[in-house]
Every structure is written in structure tokens, then in C-alpha cells.
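Here's a quick briefing to read with the viewer open. Take a look at the chain, then work through the notes below.

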Amino acid sequence: MKPTRFIDSANCAIEGILYTARTQKHMRNHFLAALVLLIATLFLRVSALEFILLALSVSFVLFAELMNTAVEVVVDLVSPGYHPLARIAKDTAAGAVLVAAIGTAVMGYLILSRYIFPIYKEVLGMIGTPTEMGTLVSILMVVIVVIILKARSGKGTPLQGGLPSGHAAVAFSIATSVSLNTQDPMISLLTIALAIMVSHSRLLLNIHSMREVVFGALTGTGITLAMLLLFRFAG
């Protein structure tokens with residue numbers, strides 16, 4: 001029956017949100033991202049207008065995810081079996097969520113970058129710019145350590161499988177070196193994004209597990225930072 005009281009309507013709406021958060025992993029990720037963003041705005045002390053724009057953007061993503069879930073449930077109700085039109089409906093609804101998420105990411109970058117980038121650049125400057133020799137040695141050290149660890153684990157080959165992921169280790173080693181050499185937050189984020197894409201491809205190909213990829217990323221980053229700092233103090 002259709003609810004007649006406002007409190008009953010509000011309870012139905014809350015039930016819909018809870019159902020989406022309980023059944024949809026992406027919705028939980030959106031809520032987690034919104035929580036992180038809220039904490040960031042408090043620490044960065046953004047203006048009221050900027051906070052309003054961020055709040056509207058986040059709300060739009062959550063709204064799109066709720067509509068996507070509603071479309072999926074209705075499609076499953078009407079067409080329990082496979083149908084090409086049902087797939088198109090679900091894909092289109094998911095595309096709406098993606099468009100909203102991209103728009104929110106652009107909005108967040110334009111607003112938060114002017115607060116975060118100066119801090120990030122200062123942190124990179126505190127570590128210092130490595131020498132060419134230090135960069136080369138650190139990457140070679142990462143490769144050697146990866147081979148040793150794979151030999152000890154007895155799993156995988158130097159180029160495929162095993163602990164840790166060599167691709168992830170080298171990718172994040174290069175990203176760390178580029179970040180410190182350029183001292184540019186934008187270039188740093190782009191190279192880190194490429195390293196994440198390389199690491200993610202190992203998961204998509206079922207060559208590595210998440211644990212192996214994460215361990216590889218930490219190995220590459222940690223060894224590179226340690227070697228570059230060593231070269232800095234030694235020089």
C-alpha cells in the first residue's frame with residue numbers, strides 16, 4: 001500500500017537506500033568516498049560555495065547509483081531471463097553512474113587541487129630530487145629484489161605470476177622516481193595512475209592476486225624511496 005504519512009514515506013526511502021548500500025558494492029564505495037571527501041573538506045577548510053558544489057556532485061552520484069539499482073531490479077522483474085534489451089537497459093543505467101562519477105571527479109579535482117597540490121609539492125620537495133644514478137640504481141634494485149623474492153617463494157616466473165608482482169613493483173618504482181624528479185603534482189598523479197593501471201591489468205588477466213599486486217607496489221615504492229634517500233644523504 002502507498003504510504004500516507006510523511007514518516008512512512010521517509011522510512012520507505014531510507015529502506016531503498018539501505019537496500020542499495022547492502023546489495024551494491026559500488027554504492028558502498030561511493031559512500032566511503034563521500035566520507036573521505038567530507039573529512040578532507042573539514043581539514044582543508046574549503047569555502048562555502050566550494051562545499052556546496054562538492055555536496056551537489058556527490059549527491060548526484062549517489063542519486064545515479066540509486067536509479068541504476070532501481071532499473072536493474074525492474075528489469076530483473078520484467079525479464080528474469082536473458083534479453084538483449086534488458087542488457088542495454090542495465091548498461092545504460094550503469095553508464096549514467098559512470099558519467100556522474102566522472103563529472104564529480106572533475107569537480108573535485110578543480111576544487112581540491114589548489115588546496116592539496118601545494119602540500120603534495122612540499123612533501124615531494126622535502127624528499128628531494130634524486131640523481132640520475134640514484135634513479136637507475138633504485139629501479140635495478142627493485143628488479144633484483146623481485147627476482148629474489150620470487151625465487152624464495154618458488155612460484156611464478158620473472159615475468160608472470162608469483163609473489164610479488166614484478167610489473168606492479170617496477171611500475172610504482174618508476175612512478176616514484178618520476179614524481180621525485182619532476183616535483184610536479186599533476187605529473188606525479190598521472191604516473192601513479194599509469195602504475196595503477198599496469199597493476200590492475202595483472203588482476204584482470206588473472207596472473208596475480210590482489211595480495212601479490214599490493215605487495216609488489218609497496219616493494220617498488222619502498223625500495224625506490226629508500227635508495228633515493230640513501231643516495232641523497234650519501235652525496
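**Loops with positive phi**

Asn-206 sits in the loop between α7 (185-204) and α8 (210-234); helices here are DSSP runs of H or I with at least four residues, strands are E runs of at least two, and both are numbered from the N terminus. Keep in mind that this is a predicted model, where local features need pLDDT of at least 70, side-chain atom pairs count only at pLDDT 80 or more, and totals for chains, interfaces and linings use all residues. Residues are numbered from 1 along each chain as its sequence is written, and side-chain values use heavy atoms, with hydrogens and water left out.

- Phi of Asn-206 is near 60°, a positive value in a residue other than glycine.
- Asn-206 is exposed, with a relative accessible area of 69% (exposed means over 50%, buried under 20%, partly exposed in between, with a 1.4 Å probe and protein chains only).
- Arg-45 is in the loop between α2 and α3, and its phi, also positive in a non-glycine residue, is near 55°.
- Arg-45 is exposed too, at 72% relative accessible area.
- For background, most residues other than glycine have a negative phi.

**Nonpolar surface patch**

- Leu-32, Leu-35, Val-36, Leu-38, Ile-39, Leu-42, Phe-43 and Phe-51 make up a nonpolar patch on the surface, with about 830 Å² of accessible area together.
- Patch members have over 30% relative accessible area and no salt bridge; nonpolar side chains (Val, Leu, Ile, Met, Phe, Trp, Tyr) are joined within 5 Å, like charges within 9 Å.
- Those areas come from the Shrake-Rupley method with a 1.4 Å probe, and for residues only the protein chains shown count as cover.
- Helix α2 (residues 25-44) gives the largest share of the patch, 7 residues.
- Phe-43 lies in helix α2 and is exposed, with a relative accessible area of 70%.

**Around Ala-64**

- Ala-64 lies in helix α3 (residues 48-78) and counts as buried at 8% relative accessibility.
- Leaving aside neighbours within four places in sequence, Ala-64 is in contact (heavy atoms within 4.5 Å) with Ala-96, Val-97 and Ala-100.

**Two domains**

- The domain assignment (automatic or from a database) gives domain 1 (6-121) and domain 2 (128-234).
- Their centres, taken over C-alpha atoms, are 32 Å apart.
- In contact across the interface are 4 residues of domain 1 and 7 residues of domain 2.
- The rule finds 0 salt bridges there (a side-chain nitrogen of Lys or Arg within 4 Å of a carboxyl oxygen of Asp or Glu).
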